[in-house]
Amino acid sequence: MMKRYLLGVVAGVTSALMGAQEPKLEEAKAVEFRYGADLRLRQEAFDNIPIMPGGVTRGGNNNYFRIRPRAWGGVAFKEINTSLDFRLINEFRHKNVGQESYKFPDELVLDNLYLTIKDLFVDGSVLRIGRQDAVLGSGRLFADGTAKDGSRSSYFDGVRLTFPIAEKRVLDIFGFYTQCEDELAIGHEHRDVTGYAGGYNSMDEVAAGVFYSDRANAACEYGVYYVWKHDTAWVNAKGDYQDNEDIHTAGFYLKPKFSDEFSADLELAYQYGESTDYDRNALFACGGLKYTIDPAAGFYVSANAVYMSGDDSDSTDEREDFNVLFGRYPWISELMIFAYDGDGVGTWNNLLQCYLETGYTFENKHKVKLTAGPLFAEEKNGAGGGSNRGWLGTAKYSFPLLDNVNCYVLGEVLDPDDYYNSGKTAYFLRWEIMLKF
């Protein structure tokens with residue numbers, strides 16, 4: 001019944017969007033309707049990406065197209081400061097080499113469905129209930145609630161309250177519960193969207209916490225946070241039972257601005273947790289120093305580092321690998337997230353990355369960004385036995401094609417070293433066109 005109902009909604013939304021050129025508002029006194037859509041077109045190719053257990057990931061050479069349409073709508077009741085919004089999403093893939101093409105209708109997902117109530121407690125407060133996107137803090141550790149859905153969506157199921165303490169001082173309080181299998185999806189895939197391993201492993205994720213951000217002082221924005229995350233029991237790819245675990249993460253970030261030219265970024269987090277078999281004790285650090293050569297053009301250079309602790313395999317009663325929480329998306333590197341296929345889906349840990357970055361924005365809104373630097377592993381648990389992961393370089397060129405069409409091309413190259421047992425140069429390539437209607 002639910003699937004037939006959702007198919008009817010899809011048909012209605014598709015019909016309503018025919019001929020729409022941009023998101024529109026239709027006002028009728030105290031009621032406001034809104035709707036829109038976008039279409040993301042991608043081609044991706046990669047080869048020789050090494051993985052921790054040995055060899056290369058996903059058979060080596062892969063080349064495929066990805067097409068992701070989204071459609072959304074909502075209604076706002078102005079007199080009671082309340083609105084209801086939804087969004088539908090799907091992705092189609094067609095392989096040239098490597099991964100199998102998806103079969104229609106792979107999995108059509110109702111990836112947003114939430115009620116928003118504004119000014120309920122105080123002026124400026126926002127209460128959001130239901131399936132929603134949520135980026136909190138710096139976004140490094142808390143941005144994607146569906147790590148295993150192939151980057152089509154990133155929703156969380158639950159409640160979030162944004163509470164203004166004072167001007168530019170905000171407290172976010174949240175509670176989310178995301179099941180391993182999405183019940184609001186149509187199709188034959190029945191994809192597992194949570195967890196750390198490939199395939200279906202039945203792990204649900206529960207999280208609650210607070211983020212406080214302060215932007216009142218222009219000289220130094222900062223924030224502090226605490227997140228409790230509970231992973232239910234699951235079975236890994238080897239068939240080993242993994243007990244449920246409670247993970248506690250406390251951290252802070254600073255964004256000082258020393259002048260118009262010099263700024264910095266620092267984030268530190270400590271993590272501890274308990275399960276039947278072990279206790280977790282882990283660290284995360286990320287920082288950078290940025291020099292803006294030409295503020296008007298957005299021309300800058302920066303020196304940066306990211307550290308996430310790894311697990312000492314000799315210690316069986318303590319885990320020291322950092323659990324990246326809901327940061328299991330390619331915020332570090334598109335290429336390197338495939339290199340973690342042997343560790344788990346997007347489970348960034350046991351990593352020290354040091355890199356230089358430069359970027360420039362042209363007058364016509366064209367942008368270029370380049371990065372380069374080495375990567376290391378704290379624990380020598382890779383097939384090569386060493387601690388040097390290699391050198392990673394990236395290049396991205398973004399540009400608008402039309403008013404509602406944005407594009408970019410991305411290339412990444414890894415020269416692997418003794419952490420891996422593969423000596424072949426790895427690459428990842430992508431072009432993307434995003435059309436907004």
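Modeller: Let's start with F258, which is found in the loop between β15 (245–256) and β16 (262–275). Strands here are DSSP runs of E with at least two residues, helices are runs of H or I with at least four, and both are numbered from the N terminus. Before we go further, keep in mind that this is a predicted model, in which local features need pLDDT of at least 70 and side-chain atom pairs count only at pLDDT 80 or more, while totals for chains, interfaces and linings use all residues. Residues are numbered from 1 along each chain as its sequence is written, and side-chain values use heavy atoms, with hydrogens and water left out.

How exposed is F258? It counts as exposed because its relative accessibility is 56%; the cut-offs are under 20% for buried, over 50% for exposed and partly exposed in between, with a 1.4 Å probe and protein chains only. F258 also belongs to a nonpolar surface patch of about 540 Å², together with F262, L289, Y291, I293 and V301. Patch members need over 30% relative accessible area and no salt bridge; nonpolar side chains (Val, Leu, Ile, Met, Phe, Trp, Tyr) are joined within 5 Å, and like charges within 9 Å. The areas come from the Shrake-Rupley method with a 1.4 Å probe, and for residues only the protein chains shown count as cover. Strand β17 (residues 279–294) gives the most to this patch, with three residues.

Now for the charged side chains. A salt bridge here is a side-chain nitrogen of Lys or Arg within 4 Å of a carboxyl oxygen of Asp or Glu, and by that rule the count comes to 28. In one of them, D38 pairs with R70, with the closest N and O atoms 2.7 Å apart. That pair links distant parts of the chain, as D38 is in strand β2 (residues 31–47) and R70 is in strand β3 (residues 62–77), 32 residues apart. D38 counts as buried because its relative accessibility is 4%, and R70 is buried too, with a relative accessible area of 19%.

A second salt bridge joins the side chains of E44 and R66 (3.0 Å, N to O). E44 lies in strand β2 and R66 in strand β3, so this pair ties together parts that are 22 residues apart in sequence. E44 has a relative accessible area of 1%, so it is buried, and at 5% R66 is buried as well. R66 also meets E91 in a salt bridge (3.1 Å, N to O). E91 lies in the loop between β4 (82–89) and β5 (92–97), so the R66 pair with E91 ties together parts that are 25 residues apart in sequence. E91 is buried, with a relative accessible area of 1%. What network do these residues belong to? R40, R42, E44, R66, E91, R93, E334, R430 and E432 are linked in a network of salt bridges.

What about the cysteines? A search of the whole structure finds zero disulfides, a disulfide being a pair of cysteine sulfur atoms within 2.5 Å. The closest cysteine sulfur to that of C220 is in C286, 15 Å away, so it is too far for a bond. C286 is in no disulfide either, with its nearest cysteine sulfur, that of C354, 11 Å away. C220 counts as partly exposed at 22% relative accessibility, whereas C286 counts as buried at 8%.

Two backbone spots deserve a glance. Most residues other than glycine have a negative phi. N81, in the loop between β3 and β4, has a positive phi near 55 degrees, and it counts as partly exposed at 34% relative accessibility. K365 lies in the loop between β20 (351–361) and β21 (367–376); its phi is also positive, near 70 degrees, and K365 counts as exposed at 63% relative accessibility.
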